[in-house]
Amino acid sequence: MQYDVFNGDADGIIALLQLQLYNPTNSVKITGVKRDIALLKRVDVKAGDTIRVLDISMEKNLEALNNALVMGADVFYVDHHRTGDIPKSDNLKAYIDLDANTCTSLIISKLLDNEFHLWAITAAYGDNLFAKADEEADKLGLTLQQKQQLKAFGTYINYNSYGNDVSDLHYPPTELFEMLLAYSSPFDVINKVDSVYHKLSTAYDYDMEKSRAAEVLFDSKVAKVILLEDAAWSRRVSGVLGNDLANQSPSKAHAVISYNNEGGYTVSVRAPLLNKQGADIVCSHFKTGGGRTAAAGINHLDRSELSEFIRVLSDYYTS
Ligand SMILES: [Mn+2]
């Protein structure tokens, strides 16, 4: 069996999209909402299976990875999140780059000689790597309008991945992937009336408009924390809103807090754009926290831990 295990966000979907456009193969798709990253353990591994793993932290999948390798599967692993100790095995091909200015789709694009680079640029925008995406777009001579379109598209696909579970999302990630697979260029989707690009655009504007009234829990020179109401739209905007705020105030760290199903909070942290480090350290301070230096999150923060979280965040970026 072949399995494609991928994050449900723009970077994960587009990483797989490039591989499947380049060389279409039948595979079982395993994915979920953005925060659902312990995905590899869902594969019922048999000897001889081929498993591609895209844009999910190896550290969070290490046990399942070791198990897959012991079972005799071939694993192709591409990512830019924390790895832990990478297993040594002839059956593992790992392409990991922890550079804060790259993403899984850009790593894949390089492996495919930039064959679908417009898609990779879309993913880079989706992962909030605006400067890097602009740089790659300029190499291709894209116009300002084209860059804005790809930025919007990446943002919409990324936005679609946030929720407590797939029922919060407008499109289940596998469905969105299948819809995009018909297009070798993102501009073909953008230029098509009524395409998924336009549907997501409308939904995004609607949700973001609601977020303008969110409660500010903390605001200082170094950090801002906001709390969203308990609703599906809040869970959908929680990540993109952090990016949006980060772009508005690039010297501040931002945390967007929303309610989860377990009676606590889900936290999304963005390091200051001008100092892209520490988001993972702040989040790793809490049991279910993790992520990248520039963007990280906590899946479950107890309500009693809220003030401690604000203190840790504020202290980290004050010193
Ligand atoms: Mn990514």
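Entry 1: A contact here requires that the C-beta atoms of two residues, placed from the backbone, lie within 7 Å.

The model is predicted, and local features need pLDDT of at least 70, side-chain atom pairs count only at pLDDT 80 or more, and totals for chains, interfaces and linings use all residues. Residues are numbered from 1 along each chain as its sequence is written.

I then checked the bounds: domain 1 is 2-200 and domain 2 is 212-318, as given by an automatic or database domain assignment. Their centres, taken over C-alpha atoms, are 23 Å apart.

**Entry 2: the sheet.** I followed an open sheet of 5 strands, ordered E2-E1-E3-E4-E5, with parallel pairing. Strands (E, at least two residues) and helices (H or I, at least four) are DSSP runs numbered from the N terminus, and two strands pair if DSSP finds at least two bridges between them.

E3 (residues 50-54) pairs with E4 (residues 74-79) over 5 bridges, in the parallel sense. I looked up Leu54 and found Val78 in E4 as its bridge partner.

**Entry 3: a helix.** Helix H1 (residues 10-22) lies across E1 (2-6), E3 and E4, and runs at about 145 degrees to E1. Such angles run from 0 to 180 degrees between N-to-C directions, with axes fitted to C-alpha atoms, for helices over the stretch in contact.
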